[in-house]
Amino acid sequence: KVSLEARHISLSYGSTEVLRDVNLRIEPGEFFALLGPSGSGKSTLLRLIAGFNQHQRGELLVDGQDITGTPPHARNVGMVFQNYALWPHMTVWDNVAFGLVERRETKEAIRRKVGAVLELVGLADYAQRRPGQLSGGQQQRVALARTVVIEPKLLLLDEPLSNLDKQLRVQMREELKNLQRKLGLTTIFVTHDQEEAMTTADRMAVLDKGILQQVGAATGLYDFP
Ligand code: ADP
Ligand code: ADP
């Protein structure tokens with residue numbers, strides 16, 4: 001479990017300021033929601049934490065250490081996307097094992113970890129299916145499994161439920177929250193859905209036009225511009 005702190009972070013694309021003096025502290029094990037309308041800079045901030053974007057000003061601290069120059073693969077960050085990004089030609093098992101194989105973990109460790117995480121997300125019986133043979137919710141579970149199996153220090157979720165229909169979205173909120181509780185991972189959940197933020201997160205912040213507007217308990221309702 002790690003803490004994450006952004007201090008005076010600014011990021012521009014050319015002359016467009018996308019993040020403006022963002023200050024934020026997320027506690028170890030906290031489930032934090034980042035809420036805001038489309039184009040407000042949520043993905044940019046998430047990709048910055050993952051190391052795919054670079055800020056021009058400010059500091060990004062994990063457990064008090066500045067990780068600004070650390071490349072993505074050395075950050076130990078797991079990210080889940082809206083579109084899942086699963087390998088269509090590979091089985092569920094191989095999709096989940098992929099990151100461990102890349103890390104050259106032993107066959108025994110891979111078997112144990114993949115087995116355990118598929119159990120955790122309720123997909124033990126689907127290990128030999130391909131993503132195309134699964135429902136949207138099941139595919140999202142595979143994406144989560146594949147990410148948490150590498151035991152990241154930070155879990156970043158970029159609108160992971162947006163592609164699901166309403167009913168499934170509500171069910172997956174619960175699953176997401178339970179999974180986060182079980183693993184105790186410091187988690188940032190990006191969403192434009194206030195209800196989703198309030199029903200899953202411990203605290204939330206609203207980002208608007210690159211400015212972090214409010215940080216608080218995930219209970220109140222906010223006015224969207
Ligand atoms: P959100 O995730 O809240 O929808 P984004 O972080 O994706 O917002 O985008 C914030 C702003 O930054 C948008 O105005 C978007 O057009 C701009 N932006 C994002 N990525 C790039 C890029 N690679 N080059 C230029 N502008 C970008
Ligand atoms: P390159 O192809 O130059 O190595 P990146 O490493 O930045 O580029 O990755 C390309 C894209 O793949 C990124 O924009 C990101 O969306 C995705 N990606 C790659 N690795 C990861 C990862 N470990 N976690 C999340 N997304 C990743």
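Mentor: Helices are DSSP runs of H or I with at least four residues, while strands are E runs of at least two, and both are numbered from the N terminus. This is a predicted model, in which local features need pLDDT of at least 70 and side-chain atom pairs count only at pLDDT 80 or more, whereas totals for chains, interfaces and linings use all residues. Residues are numbered from 1 along each chain as its sequence is written, chains are lettered from A and ligands numbered from 1 in the order in which they are written, and side-chain values use heavy atoms, with hydrogens and water left out.

Trainee: How do I read a helix pair, and at what angle do the axes of helix H2 and helix H4 cross?

Mentor: Two packed helices are described by the angle between their axes and the distance between the axes. Here the axes of H2 (residues 92-102) and H4 (residues 136-148) come within 7 Å and cross at roughly 30 degrees; each axis is a line fitted to C-alpha atoms, for helices over the stretch in contact, and angles run from 0 to 180 degrees between N-to-C directions. H2 and H4 are therefore roughly parallel to each other, since angles under 35 degrees count as roughly parallel, over 145 as roughly antiparallel, 65 to 115 as roughly perpendicular and the rest as oblique.

Trainee: How far apart are the axes of H4 and helix H5?

Mentor: The axes of H4 and H5 (residues 166-183) are 11 Å apart, and the two helices pack at an angle of about 20 degrees, so H4 and H5 are likewise roughly parallel to each other.

Trainee: At what angle do the axes of H2 and helix H3 cross?

Mentor: The axes of H2 and H3 (residues 107-120) cross at roughly 130 degrees and come within 10 Å, which makes H2 oblique to H3.

Trainee: Turning to the ligands, which residues are around ligand 1?

Mentor: A residue is near a molecule if one of its heavy atoms lies within 4 Å of it. Around ligand 1 we find Tyr-13, Val-18 and the run Pro-37, Ser-38, Gly-39, Ser-40, Gly-41, Lys-42, Ser-43 and Thr-44. Helix H1 (residues 42-50) gives the largest share of this shell, three residues.

Trainee: Which atoms of Gly-39 lie 2.7 Å from an oxygen atom of ligand 1?

Mentor: In Gly-39 it is a backbone N or O atom, whereas in Lys-42 a side-chain N or O atom is 2.9 Å from a ligand 1 oxygen, and in Thr-44 a polar side-chain atom lies 2.5 Å from one. The protein covers 54% of the 560 Å² of accessible area that ligand 1 has on its own, by the Shrake-Rupley method with a 1.4 Å probe.

Trainee: What residues are around ligand 2?

Mentor: They are Arg-47, Phe-52, Met-79 and Phe-81, and a polar side-chain atom of Arg-47 lies 3.3 Å from an oxygen atom of ligand 2. Taken alone, ligand 2 exposes 550 Å², of which the protein buries 33%.

Notes
A polar contact is a pair of N or O atoms within 3.5 Å; within protein, one must be able to donate a hydrogen and the other to accept it, and residues adjacent in sequence count only if both atoms are side-chain atoms.
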